[in-house]
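Subject: Handover of a structure

Dear colleague,

Please find the structure below, together with its sequence.

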Amino acid sequence: MKHFDAQATAAALPFERLIPALSAAFVTGAQVPARHVHAVNGGTVLIMPAWQGPYLGIKTINIFPGNAAQGLPGLFATYVLYDATTGEPLAQIDGNELTARRTAAASALAASHLARENAQRLLVLGRGRVGRLLPDAYRAVRALTSVTVWHRQAELDLAEAVRSADIVSCATLATEPLVKGAWLAPGSHLDLIGSFTPQMREADDACFSDASLYVDTAEALAKSGDLLGPMARGVFTVEAVRGTLADLCTGTVPGRASATERTVFKSVGTALEDLAAAVLVAGVTPPPT
């Protein structure tokens, strides 16, 4: 079994390779059971399996908020790739780096369908592991001329930064909306990465009004506070969602229709993306498309 630490995992996943690999994976599809969630000694363990063709992968994420008191990270993740026919382990991969890079790549993949072709100005909210990767991911799909980064301590007028951006990408742990729909420019694209629980929010209700909404998978509609709240208040319905990332990649639904259309993409992540990234890292041949 091969072993890939964080540095080796990052080196194997340049966005120019990873984004097309994710697109191909969404076209091909995979078996993705619901993730398992277990409470363990004050922490949470997530187990995320997926398999397609000759490969089976399982990601384990251990979330222990109390680690901060011991000077340890609150999250550790590992990924193991197996031969789906024999069960033989093929590779153990750093799960933190794999998750961050596939998350940024999925946002860029969505933007390749939803952001204007001439989008040049990117605003990133958040400077965590994913936030730091987003500019490079977006540069793989759009010719950016400027990147602005906002965080809680930044001396930056967020409202003005949003108004000036062609693409606004949020990768935060916010529980109250940061972006207001009134600030978003016509023709802009809003990418929402945080808000992966019902208690979290990055965007206010107005962000979804008169916008074309897409999600990475239907699971987002059951998990994200950014979507659950507005749906409960009648801002939009499930039927109003234009499609998923798989729909965009297969051409089942169209992407952006005009230069003035405002688009929103909400993701919560899927084990299909992990599997596609792991196959790249391990250097094995991807499943046929």
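Thr 270 is placed in the loop between β13 and α9; helices (H or I, at least four residues) and strands (E, at least two) are DSSP runs, numbered from the N terminus. With a relative accessibility of 7%, Thr 270 counts as buried, a term that means under 20% relative accessible area, with exposed meaning over 50% and partly exposed in between (1.4 Å probe, protein chains only). Leaving aside residues up to four places away in sequence, Thr 270 touches Phe 26, Val 32, Met 48, Arg 102 and Thr 217, where contact means heavy atoms within 4.5 Å.

Please note that this is a predicted model, in which local features need pLDDT of at least 70 and side-chain atom pairs count only at pLDDT 80 or more, while totals for chains, interfaces and linings use all residues. Residues are numbered from 1 along each chain as its sequence is written, and side-chain values use heavy atoms, with hydrogens and water left out.

Gln 153 and Ala 69 are 84 residues apart along the chain, and their C-alpha atoms are separated by 23 Å.

Next, the helix packing. Helix α3 (residues 95-114) packs against helix α9 (residues 271-282) at an angle of about 110 degrees, and their axes are 9 Å apart. Axes are lines fitted to C-alpha atoms, for helices over the stretch in contact, and angles run from 0 to 180 degrees between N-to-C directions. The two helices are therefore roughly perpendicular to each other (65 to 115 degrees; under 35 counts as roughly parallel, over 145 as roughly antiparallel and the rest as oblique). On the α3 side the contact is made by Leu 98, Thr 99, Arg 102 and Ala 106, and on the α9 side by Glu 273, Asp 274, Ala 277 and Ala 278. These residues divide into four nonpolar, one polar and three charged; Ala, Val, Leu, Ile, Met, Phe, Trp, Tyr, Cys and Pro count as nonpolar, Asp, Glu, Lys and Arg as charged, and the others, Gly among them, as polar.

Helix α3 also meets helix α2 (residues 15-28): their axes come within 9 Å and cross at roughly 70 degrees. That makes α2 roughly perpendicular to α3. Among the α2 residues in this contact are Phe 15, Leu 22 and Phe 26, and the α3 residues include Arg 102, Ala 106 and Leu 109. The contact of α2 with α3 divides into 10 nonpolar, one polar and two charged residues.

The strands come next. Seven of them form an open sheet with parallel pairing, in the order β8-β7-β9-β10-β13-β11-β12; two strands pair if DSSP finds at least two bridges between them. β8 and β12 (243-244) are at the edges with a single partner strand each, so one side of each has no neighbour in the sheet. Strand β11 (residues 212-215) and strand β13 (residues 263-266) run parallel and are joined by four bridges, with Val 215 opposite Lys 266 in β13.

Helix α4 (residues 129-139) lies across β7 (121-125), β8, β9 (167-170) and β10 (189-192), and runs at about 160 degrees to β7. Buried residues of α4 include Val 130, Leu 134 and Tyr 138, and their cover includes α2 and α3 as well as β7, β8, β9 and β10.

With kind regards
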